[in-house]
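Open the model in a viewer with selection by chain and residue number. The stops below are meant to be taken in order.

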Amino acid sequence: MSRLSAPHLLGLEHAPREDISRILETSDTFREVLDRTIKKLPTLRGITVLNLFYEPSTRTRISFELAEKRLSADTISFTASTSSVKKGESLRDTVQNIESMKIDMVVVRHSSPGVPYYLTQCMDANVINAGDGAHEHPTQALLDMYTIYKRYGKLDGLRVVLVGDVKHSRVIRSNIWGLKTMGASVALCGPSTLLPYEVERFGCDIYTNIDEALDGADVVNIMRIQLERQQAGMFPSQREYTNLFGINRERLKHLNRNYTIMHPGPMNRGVEITSDVADGDKSVILEQVTNGQAVRMAVLYLLSGREEGEQ
Amino acid sequence: MASKMYDLVIKNGRVIDPALGFGREAAVFIKDGKIARVEKASAAVSRTIDKLDDDRVIDATGHLVVPGLIDVHVHLREPGREDAETIETGCRAAAAGGFTAVCCMPNTTPRIDNQETVKFVQDRAYTADARVYVFGAITKDIAGTELAEIGDLVKMGAVAITDDGHYVQSPEIMRRALEYSKMFNIPVAQHAEDGLLSADGVMNESFQSSRLGLTGRPAAAEEIAVLRDIALCRMTGARLHIQHVSAKGTVRAIREAKKEGLPVTCEATPHHFVLTDDEIGKEFNTNLRVNPPIRTAADRDAVIKGLVDGTIDCIASDHAPHSDEEKDCEFDLAPAGMIGLETTVGLVKTHLIDRGYLDWGDAIRKMTINPASVFGLEGGTLAEGKIADITIIDPDKRWTVKAGEFRSRSKNSPFIGRRLKGRVVKTILGGRVVFDRGVRRKKGQ
């Protein structure tokens, strides 16, 4: 039985505070394992995990695969460049095939919102959402939150600014829900064309001026801006985006003294973030990557319901 | 009165005919497929009925007897997608839902943009359980670039033209369609959603689409489309019918146009006066994916207001069958549309009448005489000499929508599992009972 309130991790919008706290605390245990010489535990021995990736992904898939291997799970990965529908096989058929292979847990990434939920309706395995369209990407938000938590020892009362393409970002959505549940104050900043309809109803402070958004903030989490948004007419040029929203050293003066710079990657250096900021001493961008493994180990472990040492 | 004069009598029912301003207990006498007369209960009427054979008398005690309902927005899918629906199964669903006449949309494969396809549909409908009126296409292949042979379509019997499923994006083509249609005095029916503004959208653009990360179709896309067409209607004086009104701004625009005296009519679907877009995030039910999309509570309330104040003339289902295979997939990859013929009456009763928005007379008007007048169809009233298309409704029947009970070949309804009140018990087409809920379906049907 899952040690969280649900057998799946589909998103953070409805995740209770206790679940998030438990994941963050458990992540701490696994984070310590990653610093050992032998980074492996027998926890998920005998459990088969499928990484079902319908969208190209390098870091999230590798992070999950490593987390699974470090917990001694048997893992297989399936990557399709297009959706199953275009390929000719329906999602249900794919899922039922997987079910027949006696898979215990599925990590899924898909371009359509709601696919992780759909999977839970046609299979018994524990489902972990590794990104469904622009909907949610809960483990990324959890690792962001864990990184903040490790640095400040708390989330409550911190001011976190999420900068970028709010409209299309699943990372921002999951961060909003998770951070708010944990008591952080959240600000969103991006061009008004990339703020989704009725964005104020997310319950965050909304800014289109980056300097005002950064004023008095503790954490800035900067999202990748995709070139295709410019091609779709969402903003006139990359140059103008950088001028208006790019994070450079000059803009950091608005932040609180003990500030933190984050980016979920992959970065466009010189576009949404300058190299000196990305590589500066307040940047935790590479720490996020390491923490990601610990957080994913925690999620896999808690959902599996295994006892530590149980086999 | 010589009793053998009548083929069928419906007695003891409450007869509602908005066209005649009639609403009381009465008997309906049918002869040779036509309404012979409607008489309020009296000793003489009872004596006449008593002389008839039992199998010629329907006792409608506690039920409503209304003119056969008309649905002016139905996709029968034949020719082309007989796996989802055929003219036969679609009309069987219509009969079960109380509809004696349906208007079928031309977005079949091939399109109904020529005489041969109109003829094909009419031939196939000849033995069906409902009358089928054909809407022809506005443009060739519904491509939006060249007018179809509208004169030919009308000559063969098309009652209106539409490119339903697609908005006629070019204002120039729409202008010409309106002008040209005037020669035949038919309405041009429009699926009013600007295609550029709603491109790739899969649900209403609202906080819900923002929350779910699904691409939105803004209400403004419908409002802009309607305002443009109203301007063209004003310019040409041609008849414009706006299909499936879904947004607050649209209702307002049509209300104003009507006040101005323009020849604009419109329809609303049950899903737009019942559902709101916050349903979608619960289960990503692809049966909630429909164009125009289900919108916010404010839009739904505006549609209801439009029904109440008469801005909205007709209630139409936009019955759009899709096979399980098409709908059992990712939400944003599912085709748009839901079936509706068999749930309309229950939804009207439960959501409009029981909540005090409309009385039965208002509701029946929007499914009988109003659609008949807008599109020049037979029926819609129980006046003497009219075709004997009659629907009998049990207004108090409580029932649950079940996938296994649909007569439609498809089951893509978001209302499955809902408890509704009000259900059709019998449907009579040209004096012949084509649907009787009390009688089990014959084997193989």
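Select Asn185(B), in the loop between H5 and S10 of chain B; helices (H or I, at least four residues) and strands (E, at least two) are DSSP runs, numbered from the N terminus. Asn185(B) is not a glycine, yet its phi is positive, about 50°. Its relative accessible area of 53% makes Asn185(B) exposed; exposed means over 50%, buried under 20%, and partly exposed in between (1.4 Å probe, protein chains only).

This is a predicted model, in which local features need pLDDT of at least 70 and side-chain atom pairs count only at pLDDT 80 or more, while totals for chains, interfaces and linings use all residues. Residues are numbered from 1 along each chain as its sequence is written, chains are lettered from A and ligands numbered from 1 in the order in which they are written, and side-chain values use heavy atoms, with hydrogens and water left out.

Switch to chain A and select Glu198(A), in the loop between strand S6 (185-189) and strand S7 (205-207) of chain A. Glu198(A) also has a positive phi, near 55°, and at 28% relative accessibility it is partly exposed. Most residues other than glycine have a negative phi, and most peptide bonds are trans.

Two cis bonds are next, both in chain B. One joins Glu78(B) and Pro79(B), with omega about 5°; Pro79(B) sits in the loop between strand S6 (69-74) and H2 of chain B. Another joins Thr109(B) and Pro110(B), with omega about 0°.

Now go to Ile138(B), in the loop between strand S8 (131-136) and helix H4 (150-156) of chain B. Ile138(B) is buried, at 0% relative accessible area. Its contacts (heavy atoms within 4.5 Å) beyond four places in sequence include Leu147(B), Ile161(B), Val168(B) and Ala177(B). Ala177(B) is 39 residues away from Ile138(B) in sequence, but their C-alpha atoms are 6.8 Å apart.

Which residues of H7(B) are buried? Among them are Ala221(B), Ala225(B), Asp229(B) and Leu232(B). The buried residues pack against elements of chain B including helix H5 (171-181) and strand S14 (264-268). After H7(B) comes Gly237(B), with a positive phi near 75°.
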